[in-house]
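Please walk through this structure with me, one feature at a time.

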Amino acid sequence: MLNYNLLETRIDEFAKTFAEAKPFRHLIVDDFLVPEVAAEAFSVFPKMEEMDTLKDFRQYKAQDPAIDKFNPVFSQIIFKHLQSPRFLEIMTKISGIPNLLADGQLYASGLAQGANGSFLNVHIDNSSHPKTKHYRRLNLLVYLNKYWTQEKGGHLELWSADMSDSVAILPTFNRMVIFATDKQSWHGHRHVNTPDGDTRKSINIYYFTEESPDKTDYYHVTSFRARKNEILNQVLYPVDNMVRTMARNIRQKKDQHAVLFDKNQKQNDQ
């Protein structure tokens, strides 16, 4: 289902590109899925109304880890391939991060989608898994937008910590992006402009390790940061980040509200 030949024959090149990328480590790989698989995943991608939706001043998007609700092709891509030992080895060689762990519970993962007007403002992800306490280390995105153009927007943005430098990546069809996930991996996506009814579609998953990126124990919530032209958010986001951090620190079980997929339970039920 994955283009293993592309990944494995160019693995040294990809590792060098990942390590040298700015503003922080990332890699773009086109033609990631076998063409027939990419076409099938595009054709059976669920409608926005079939997915859980998040909408507030930080984001507007659909995000759903309940992968069993959807066509089996998505479970096959994720569980049989993206979380396979073979692919984990590829990710380790490209990223240089040893002991990567897949997440069968799909924390903050699964399928994502954005309709006209959707957005995800610049942020760093929550540091760790709510159950295992493992640290997020890599974010992988596979875009399934067959007719996407620059005018439709929705670019993935990767930002430097001081918000002075960024790259914008168009979410085109069968494009995979991986990037390091740590205290400085500020990212988001621009507003989607699709009055024609098209949507920004992706598969997204994380890889974890038991050890943190800097080898210290830490915790932080998903924290947002304003772009330089977002005057209101420059005031709002620091307060919002602080309030949510204080609320989580008061809780004994910080992120137990998270929606998780229980792969083992689903297999037992079958």
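An axis here is a line fitted to C-alpha atoms, taken for helices over the stretch in contact, and angles between N-to-C directions run from 0 to 180 degrees. Keep in mind that this is a predicted model.

Start with helix H3, residues 35-43, and helix H4, residues 72-82. Their axes lie 9 Å apart, and the packing angle is about 130°. Angles over 145 degrees count as roughly antiparallel, and 65 to 115 as roughly perpendicular. H3 and H4 are therefore oblique to each other. The crossing of H3 past H4 is left-handed. Which residues in H3 and H4 meet? H3 brings Val37, Glu40 and Ala41. H4 brings Val73, Phe74 and Ile77. Sorted by class, this contact of H3 with H4 has five nonpolar residues, one charged and no polar.

Now turn to helix H2, residues 11-20, and helix H5, residues 85-95. Here the axes are 7 Å apart, at an angle of about 50°. Because of that angle, H2 is oblique to H5. On the H2 side, the contact uses Ile11, Phe14, Ala15 and Phe18. On the H5 side, Ile90, Lys93, Ile94 and Ser95 take part. Six of the residues in the contact of H2 with H5 are nonpolar, one is polar and one is charged.

Next, the backbone. Most peptide bonds are trans, and most residues other than glycine have a negative phi. Two places deserve a look. The peptide bond between Lys22 and Pro23 is cis, with omega at about 5°. Pro23 sits in the loop between H2 and strand S1, residues 26-30. The other place is Met163, a residue other than glycine whose phi is positive, near 60°. Find Met163 in the loop that runs between strand S7 (156-159) and strand S8 (166-169).

How many cavities of 30 Å³ or more does a search of the whole structure find? The search finds one. The largest cavity has a volume of about 40 Å³. Asp125, Asn126 and Ser127 are among the residues that line it, as is Arg136. Thr181, Asp182 and Lys183 also belong to the lining of the largest cavity, along with Tyr218 and His220. By class, that lining has four charged residues, four polar and one nonpolar.

Key: Residues numbered from 1 in each chain as written. Predicted model: local features only at pLDDT ≥ 70, side-chain atom pairs only at ≥ 80, totals over all residues. Heavy atoms only, no water. 1 Å grid on protein atoms, 1.4 Å probe; cavity = no way out; pocket = protein on both sides within 12 Å on 5 of 7 lines; lining within 4 Å. Points joined across faces, edges and corners; volume = space filled by probe spheres on them. Nonpolar A, V, L, I, M, F, W, Y, C, P; charged D, E, K, R; others polar. Helix = DSSP H or I, 4+ residues; strand = E, 2+ residues; numbered from the N terminus. Parallel < 35°, antiparallel > 145°, perpendicular 65-115°, else oblique. Left-handed = near helix turned anticlockwise from the far one by under 90°. Contact = heavy atoms within 4.5 Å.
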